[in-house]
Amino acid sequence: MAPNSEKKRLTSLYDLLRTILTCEGCGKKVVTMKTSTKRRCAASVVVAVTFSGFFQPVAAFEGSIKKHKSCETLLKKFPNGVAESKAAANKVARDGFVKPKVSKLLYRQSSKLLDRNNNGVMCVSTRMARSFAPGISSTELLGWVDAAVEQMAKPPLDFMGMIWPVGTPLDDQPDPQVFDGAPFSEHTDVLSPNEIKKAVSYFRKWQLGLQNCTKAETKGFRDGVAVVKRWIEGAADVATAPDPCFNSRSGVMAWTAAQDKTTAKETFFHESYHGLSNYLLNRCAPIIGREEDSLNNLRWFGEGTAEYFGLYMAAKDDDRDDYTQKILKRAFLDLQGDPRISLDANAYVQAAAMVLMIQRGLITESKILDGSYFHSCNWIKTFDPSQAEMIYIFENFKKIEYSGGRYFYSESAVSG
Ligand SMILES: [Zn+2]
């Protein structure tokens with residue numbers, strides 16, 4: 001071939017390749033799209049498969065199929081990981097992970113470094129979920145995990161959600177002696193002994209499979225499993241956010257017989273928010289050189305934001321927009337029951353305080369919802385109850401009114 005036509009041919013092949021690379025980003029949907037660009041995109045994929053041997057070296061010039069050296073960079077582009085084949089993707093999906101993107105081309109570029117257990121999938125350990133409770137499927141729970149993680153501006157690399165059912169309390173006293181000092185109550189069993197084993201084993205295996213924790217962090221893994229085991233075996237009414245390491249966290253809960261599904265969903269999102277918040281008191285205490293217990297007067301803000309997120313996300317999932325009304329109504333009724341209640345008392349009034357703070361312009365809803373107040377430990381100073389604006393909130397969070405079928409903060413509370 002003459003040099004000129006060879007150059008011309010290569011130019012068009014680069015053009016074609018660029019189209020193919022665009023397709024790598026837009027996935028399967030392109031095949032069904034009707035615009036001429038999209039059709040060309042789909043057609044090019046076929047060419048790429050046929051001539052993959054020819055195209056691969058050229059691909060190295062393109063940013064989209066660059067070689068990724070860490071899961072951190074790969075996950076930014078492909079948040080569910082990348083599988084070599086449909087079969088490999090389906091296998092990990094059956095194990096409770098989000099189905100990864102299937103691309104042989106992408107996989108081959110980086111798999112030597114990133115497919116650490118050689119299962120045909122790179123960086124799969126991102127999000128997973130398992131429900132042992134009838135009434136919530138693992139797929140539905142994974143949808144909640146996805147929704148929560150996608151809401152965050154800086155989520156951790158890995159996030160897991162787990163729910164199991166428990167019955168009714170054995171008595172009306174908490175049983176801290178059974179649960180390492182935690183004030184949970186023993187409940188009747190719903191799971192069989194075999195299902196209890198499976199639930200404990202699921203948590204253990206998840207933790208063991210984590211690939212993004214440091215060696216120092218993995219030291220506490222055995223103790224962590226032992227604690228979770230006691231919760232599940234003792235049918236504790238636990239809802240919490242175990243974080244084996246900074247990159248890998250979770251939200252787990254026992255769904256009690258007393259909770260309806262909406263409440264369980266709100267609780268799960270509440271706990272997930274704790275799990276997704278990067279710098280809570282446990283991480284900030286050593287950074288600022290304080291004992292965690294000496295920071296207990298800051299808990300209202302972590303709880304208020306988590307509860308706000310829980311009600312917002314559950315409403316969003318149900319396609320409702322009544323979350324602010326629900327937050328204010330619960331606090332209003334709670335305050336009618338005990339007008340002397342303080343802002344440290346419970347998450348109902350703490351979530352209502354978030355509404356008042358948003359309306360006074362002290363915080364924004366979007367920053368609550370994307371977790372950005374917890375991107376550093378600065379929030380500890382900003383929301384210290386001794387700050388003037390916080391003193392105002394502690395004094396005025398009760399000023400909720402009810403009129404015309406709506407709950408709202410009084411004008412004097414909002415602009416006073
Ligand atoms: Zn909480």
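**A helix pair and its surroundings**

A: Happy to! Of the chain's 416 residues, 40% count as buried, a residue being buried if 20 or more other C-beta atoms lie within 10 Å of its own, exposed if 12 or fewer, and partly exposed in between, with C-beta atoms placed from the backbone. This is a predicted model, where local features need pLDDT of at least 70 and side-chain atom pairs count only at pLDDT 80 or more, while totals for chains, interfaces and linings use all residues. Residues are numbered from 1 along each chain as its sequence is written.

Now to the pair itself. Helix 14 (residues 323-337) packs against helix 15 (residues 347-359) at an angle of about 130°, and their axes are 8 Å apart. Here axes are lines fitted to C-alpha atoms, for helices over the stretch in contact, and angles run from 0 to 180 degrees between N-to-C directions. Helix 14 and helix 15 are therefore oblique to each other, since angles under 35 degrees count as roughly parallel, over 145 as roughly antiparallel, 65 to 115 as roughly perpendicular and the rest as oblique.

On the helix 14 side, Thr324, Ile327, Leu328, Arg330, Ala331 and Asp334 meet Tyr348, Val349, Ala351, Ala352 and Val355 of helix 15; contact means C-beta atoms, placed from the backbone, within 7 Å. By class, this contact of helix 14 with helix 15 has 8 nonpolar, 1 polar and 2 charged residues, where Ala, Val, Leu, Ile, Met, Phe, Trp, Tyr, Cys and Pro are nonpolar, Asp, Glu, Lys and Arg charged, and the others, Gly among them, polar.

The pair also leads us into the core. The largest nonpolar core has 101 residues, and Ile327, Ala352, Ala353, Leu356, Ile163, Trp164 and Ala254 touch the most other members. Such a core is a set of buried Ala, Val, Leu, Ile, Met, Phe, Trp, Tyr and Cys residues joined through C-beta atoms within 7 Å.

From there we can follow alanine 254, which, leaving aside neighbours within four places in sequence, is in contact with Trp164, Val166, Ala235, Ala236, Asp237, Val238 and Ala239. Alanine 235 lies in the loop between helix 10 (221-233) and strand 7 (239-240). Although not a glycine, alanine 235 has a positive phi of about 50°, and it counts as buried, with 25 C-beta neighbours inside 10 Å.

Notes. Contact = placed C-beta atoms within 7 Å. Helix = DSSP H or I, 4+ residues; strand = E, 2+ residues; numbered from the N terminus.
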